[in-house]
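Keep the structure open beside you as you go.

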Amino acid sequence: MRAVYGGIVMAMISGSTIAAPGTALTLVREGTPAAEIILSQTPTKAARLGAYELQHHVKLITGAELPIINGAQVGMTPIFVGDSPDVRKLGVDCSQLGKQEYLVKFFPKALVLAGKDREDLDEPVYDYLANKAAVHTWPSLYHEVGSMHAVYDFLETHCGVRWINPSDHGTLLTKANTLVVSGSELRQKPYMIFRGGAAAFDVSQRYNRNGGLWHVFGPKSHEPYNSRAYGKVWRQFSHPHHRTAGMRAQNRLFMYRMKAGGESSACNHSFYDFYPRFWEKVNDQFEERKSEYFAEGYEGQPPQLCYSNDATVAQVVHDARGYFDNGGIRGVQKWGENFYALEPMDNNSFCKCRACASQFEPDRAKDRSQHSTYWFRFVNRVAREIRKSHPDKQISTLAYMSHEGLPAGFKLEDNVVVHFCVYGNRTPFNATLLEAQINRLKEWTATESVPMYLWLYGCFPSLHARYGKFHCFPGFFPREAKRQYALFKQLGVRGIFYDGFTCDVDNYVGYKLMEEPDRDVDELLTEYFSVYGAAGKPLREMSDIIEERYCNPANYPQRNGVVVARAQTPLIAWGHLGTTEVMAALQDCMDRAHAAAKTDQQKQLVQLWDDAVWTYMKAGRESFVERMSFPIPDITAPRVAAAAGDVNKVNWDQARSLGGKWYKNGRKDPAALKLDGRICHDGTFLFLELTDLTDPKRLEVSPMISCYDDWELFIAGQRAQPFRQYLVGPTGMTMGLSYGEVNWRQKVLATEYTEKAFGMQAVSNTDEGKWVVRLCFALNDIIERPVKPGDDIYMNILRIMNPELCGEPGARYGIDTWSAFTTVHEVDRLGRIHLE
């Protein structure tokens, strides 16, 4: 139950008066100010901004603008915002407030709204429409802004204000000529110390970026949402950069109101700057070549550092000390004033030197912990040194990928903070995946006494859609979020970072649960949908349908009663979740919501829901129908003379062309690269020749082959699991992986790694101004069972390219495909290959 002031206080309408039970303080009487906002002569930035926010909302409610005064009083009811001598005369000592704590206290003739504030006395510019740089004058989300939190709590609890999104229409309040409030005292702070709701590093324009679900489809696709949601900004500014600044300001205000932020303990991959500093000069960051810092055993740029090397440890310690001495800033990195992040590059290609490799534990790979002991031993070494020079500072790191589990044989130093990455938090439909992660989290909290924070993946399933270039079925899950938060609180978790927010319902519930994990989820949903008036009922029905479809395992394809899907595909999204019948039910909800909306605000909010959710879903379903009707490659591989498994002995003139049509990732648009291919078999082996006319000098070689540049083939005996994934890079390095073949396990490596992947051999040629790969597959080992002439196999061929080649601004990589409307790991549209 939410903490309240004395008795429960609620905004009530009585004629043209908003009042609350108990001893009354009149703030506005018949449209005339009856109170004044009092600041200290030297107020903090947080107190100033809180005063502006209070003045703004009271004016929205009553039309009256309460004066803001520094120190002096003119005889009206004083509302003290922030610490001041006047507040201390009332017996309120703000110095006794703890971190992030705030106070709302009623006196017979005064009101105090104050909290723990950072000692920043600069004056903020409030009007972001008049000054596009205003947001840069505001406090960081991760500074102490307790006085602002006191204002928001007061507005919400005593004035009936609700904020459900940052749009022009997302604030609910009831207009009245007279505003009367009453209460006693509240002193509290948000439960989660770190509340990083899609706002890492203060990049608040990332909240609901580009229309939430729509952002993957380019600027034009999210304009209907953005122009309606941020209409004031769009009318004020025409330049895209200025609009971005305005939206950022509006989003930041919403995050303040949701009490996002707290004490920053951001953590992410922290060593990528070692490459321009110590490996190769690409800019002014270069210091000197330090090869000893980097992983051994790889060609070209190493994928990791050597974390056992004393010199590497010494450099990291030196950097951390400099970071803390500089107030929590080093270059572009801002991990928090009291935290320094240690996290390896985003791959598992660790150093192969004897000192490093001897610490690996391959038998723990099934628990994603084969590098845990190795990694956390390095973290401890750094932490011990930092304690000597900065005993009040902490080292933050992730429990992630192959170091998700506990280290073996030692505990972490007490100045370490661990962020456990629950990548399965958005997959309630896959109980096996989520439960395995929760069990490892429980092991951490039961064994270690260090603070535990979480990284939650609010970016799923929309990120799957982004990379796959399709529309996802929205991942609404407020009730599952509540179940998880109850567990997180039980386990003592005190910090959350949301990696992306996309849907307003989940955003609202997530913010409120970070503040108070004990809140009742149905109460929160009632709060949220009440803003829509009568239209809230059909929209809540719509939300419930989407949530049930997304979260219920019964709605997903299964093997032996077990859901094997970890991520959405177009087939799962629209063949299993958003079926024709489901879409018809959702259309009925949407139609009833439009009909029920009465006020202009309700109509605008319903249309925003339509723009952000329903129009997106309809586009997804329509694209899926087109996808399923689009032709799939179907060819016969001719039989040629025996070549004894030697690609150079094949008569390639007799091979069949794969056709001249290749496509962009997840679409039917023509491929970015000029690709070609030929195929044949000799009864024992299948042969493929793949050609990319790109200048080989523009290719990039990865130590793990993926994620670029490479060819990737997906081959199966049917358009479903089990299937195999074959990879080959420019140097001829190969890899084979199986999915669903071994006890339905996913991404299982072939036993042979360097020259052969299962039954594949490769010859790569980049010497003739193009990249040509010739592949040989043993028919008795190309899939999980032998195949022979006359059989059919199913295949897709993908060319994964570096960002420069794909030609799409901001892309992490590009993908061209042989079968249209496909991407990696999708096998429902594999082309059919008939073996003559």
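Predicted model: local features only at pLDDT ≥ 70, side-chain atom pairs only at ≥ 80, totals over all residues.

**Exercise 1.** Find how many salt bridges a search of the whole structure gives.

*Solution.* The search covers the whole structure and returns 52 salt bridges.

**Exercise 2.** Work out which parts of the chain Arg479 and Glu547 link, and how accessible each residue is.

*Solution.* Start with the contact: the closest N and O atoms of Arg479 and Glu547 are 2.5 Å apart, and the two residues form a salt bridge. Then check accessibility. Arg479 has a relative accessible area of 31% and is partly exposed. Glu547 has 7%, and because buried means under 20%, Glu547 counts as buried.

**Exercise 3.** Determine where Arg799 and Asp709 lie, and whether they are buried or exposed.

*Solution.* First, the salt bridge between Arg799 and Asp709 has its closest N and O atoms 2.9 Å apart. Arg799 belongs to strand S34 (residues 792-801), while Asp709 is in the loop between strand S27 (685-692) and strand S28 (710-716), so the bridge ties together parts 90 residues apart in sequence. Finally, both Arg799 and Asp709 are buried.

**Exercise 4.** Describe the accessibility of Arg832 and Asp792.

*Solution.* Their side chains meet in a salt bridge, at 2.9 Å from N to O. Arg832 is in strand S36 (residues 831-835) and Asp792 in strand S34, 40 residues apart. With a relative accessible area of 24%, Arg832 is partly exposed; Asp792, at 25%, is partly exposed too.

Definitions and conventions. Residues numbered from 1 in each chain as written. Heavy atoms only, no water. Salt bridge = Lys/Arg side-chain N within 4 Å of Asp/Glu carboxyl O. Helix = DSSP H or I, 4+ residues; strand = E, 2+ residues; numbered from the N terminus. Buried < 20%, exposed > 50% of the residue type's maximum accessible area, 1.4 Å probe, protein only.
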